[in-house]
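Dear colleague,

I am passing on the structure below, and I would be grateful if you could look through it before we talk. My notes follow directly after it.

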Amino acid sequence: MLYPQSFDVIVVGGGHAGTEAALASARMGCKTLLLTHNIETLGQMSCNPSIGGIGKGHLVKEVDALGGAMAIATDEAGIQFKILNGSKGPAVRATRAQADRVLYKAAIRQRLENQPNLTIFQQAVDDLMIEGDRVTGAVTQVGIRFTARAVVLTAGTFLDGRIHVGLNNYQAGRAGDPPAISLSARLKELKLPQARLKTGTPPRLDGRTIDFSKCEEQPGDLDPVPVFSFMGNAAMHPRQVSCWVTHTNARTHEIIRSGFDRSPMFTGKIEGVGPRYCPSVEDKVNRFADKESHQIFLEPEGLTTNEYYPNGISTSLPFDIQYELVRSMAGLENAHILRPGYAIEYDYFDPRSLKASFETKSIAGLFFAGQINGTTGYEEAAAQGLFAGLNAALLCRDEAAWLPRRDEAYLGVLVDDLISKGVTEPYRMFTSRAEFRLQLREDNADMRLTETGRKLGLIDDARWAAFSRKQDAVSRETERLRSIWVSPRNLADAESERVLGKAIDHEYNLADLLRRPGVSYAALMSLDEGKFADADVSPAALGELFDPVVEQLEIAAKYSGYIERQKGEVERSAHYENLRLPADLDYLSIPALSIEIRQKLDKQRPETLGLASRISGVTPAAISLLLVHLKKRR
Ligand code: FAD
């Protein structure tokens, strides 16, 4: 059957990429259809119920700054929040939350169901409709044909997914969900460059059978409880609970080693490469043989369940080994496993076959986002989903793609890394991937992106009003600090020493003084018993904006020197970064380049010189030679 209505954008898959893609496209006014296997699994967390962390939290804040759902859903579902790296510089500080998985799914579903322009339909997609080199729609399992101008594919770990537990294996998308076999076959037929990756998850435990008195308690940050969304507040959070810590020991490691001969990883049953930074416990015991113990976090999966997620023992060892290894740890001697751990192998597609907008180079209108681009993690998926969804919407509006730069957003870093370098293992975000990380902080994600989001049509009036109030308050207060001067004449030495650590020798304005290490905004406001304070900027006057405004003032002042230097670097590289490479450039006939580099450039056909420079193996010398060639060609 041909479905009677046509859509602008179809999103296939209701995971973290798909939900953000569908919401973004619909927010931008495009008639959007979300096709997914099962409405009950919209926004499901396949692995641990936690959002954020270093690098990942930055992406969540950016998704939020562009009007996405992940951060606010986490505020409504988070049962433990922490600021990681709290004592380090603001660039690497990151928010992490443990979420109640039921509340999280409900928060996402509620947003999807109430989003204007968005239609949801439950069915597996088995085929894509293609005319010439253009996608025109998607076909479901029972033959319903939906048409659209653009299709965003976010099938996660489901394409030809195969679950492994020991030497047993079976086809599945993740535990309890069907695989996408027909769609995988269709994509192979289309000759999109595909390979296999794997990821894994630990067995889940019944909290009633854990002896927490033998574990160490790990409460979250409670004073204050952190908040994820720029539109969120701590009052939205449900009850906060603790996590717990236990450890593996020599006996655990002995049990794990005894299962190596039945491990699908070590016996070659699994061919896909797994995430290096989230290794299975058998991988850790094998690779770090001299390490006697590993920390295992026991994380509650929610407020209305007894299920616990033992973070650190992801495994695909046979179930009998899982049973023994769990019970070898303190507090888990009688633990009941509710669900076995497993590994899953799945198809992913080489992201170097995508344009910078995430549209596939070979099929117009077809976009890929999330785990199928070779990444791992909910946050990476959500960021890509939002990006692909908004670019699919722009394509439908016949507008140019939005391509954030590496110095503008982690989203820019993520997209650029994927399309220029590809992946050799599941890709996850780290702050170390961003060369301009001083300006890409969690705290200023809204300052970097919300205005752009508003122009694109992603930001509603309420968020825009809140953002504008904050932005105005920051600039007003910055000006005020610049206008208030203190000098040895009006500031007593004792007062200066109390607040600044030493007497001042000449005149300074408060903005200059705030740049000094150890001098806080609050301390400046207490100078000479409030002589310089002003009723306009009291916490009461700025209301709930007060803390974020002060945070921006302090960070901007303390890091201004470094940030200015970084801006200089950005400007220097920007010229060549955006230089467009002609689509018809014959790389194979550029004699100055090595054959290897010619072939790499010919294969990937980068859109800009910046993208070319980041292809692995393309040296700075080769980029100079390419520039010379381009100048001669003109
Ligand atoms: P998914 O969340 O997988 O969502 C895909 C969606 O598409 C699902 O709703 C599915 O039903 C739907 N779908 C698929 N095919 C079709 C089709 N043909 N028709 C209709 N609907 C379809 N991440 C980490 O960061 N750390 C980890 O340790 C980790 N471990 C993991 C362990 C396991 C076992 C699994 C399965 C995942 C793990 N992940 C981990 C990855 C994390 O779950 C993913 O990165 C994230 O969920 C990817 O989001 P996504 O939206 O791309 O795909």
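Which helices and strands each supply at least two residues of the shell around the ligand? They are helix 1 (16-27), strand 2 (32-36), strand 12 (194-201) and helix 9 (378-396), where helices (H or I, at least four residues) and strands (E, at least two) are DSSP runs numbered from the N terminus.

Before going further, two remarks on conventions. Residues are numbered from 1 along each chain as its sequence is written. This is a predicted model, in which local features need pLDDT of at least 70 and side-chain atom pairs count only at pLDDT 80 or more, while totals for chains, interfaces and linings use all residues. The pLDDT, which is the predictor's confidence in each residue on a scale from 0 to 100, averages 92 over the chain, and 97% of the residues score at least 70. The model scores ipTM 0.98 and pTM 0.91.

On the overall fold, the chain has 21 helices and 22 strands, and its C-alpha trace spans about 80 × 75 × 55 Å along the principal axes. A compact globule of 634 residues would have a radius of gyration near 26 Å, and the 26 Å of the chain agrees with that; the radius is taken over C-alpha atoms, and the globule rule is 2.2 Å times the number of residues to the power 0.38. Of the 634 residues, 47% count as buried, meaning that 20 or more other C-beta atoms lie within 10 Å of the residue's own, whereas 12 or fewer make a residue exposed and values in between make it partly exposed, with C-beta atoms placed from the backbone. Among contacts (C-beta atoms, placed from the backbone, within 7 Å) between residues at least 6 apart in sequence, 73% join residues at least 24 apart.

Returning to the ligand, there are 37 residues around it, of which G13, G15, G156, G370 and G377 come nearest; a residue is counted here if its C-beta atom, placed from the backbone, lies within 6 Å of the molecule. The shell divides into 14 nonpolar, 21 polar and 2 charged residues, with Ala, Val, Leu, Ile, Met, Phe, Trp, Tyr, Cys and Pro taken as nonpolar, Asp, Glu, Lys and Arg as charged, and the others, Gly among them, as polar.

An unreviewed UniProt entry places the feature "binding site" at G13, G14, G15, H16, A17 and G18. Of these, G14 lies in the loop between strand 1 (7-12) and helix 1, and G14 counts as buried because it has 28 C-beta neighbours inside 10 Å. Leaving aside neighbours within four places in sequence, G14 is in contact with T19, L34, T36, T41 and L42. G18, in contrast, lies in helix 1; with residues up to four places away not counted, G18 touches, among others, V11, L34, T154 and G385.

Most residues other than glycine have a negative phi, and most peptide bonds are trans. Here the peptide bond from D223 to P224 is cis, with omega near 0°, and P224 is found in the loop between strand 14 (216-218) and strand 15 (243-247). F358 has a positive phi, near 80°, and is buried, with 27 C-beta neighbours inside 10 Å.

Definitions and conventions:
Contact = placed C-beta atoms within 7 Å. UniProt positions renumbered as here; feature names shortened; annotations may be inferred.
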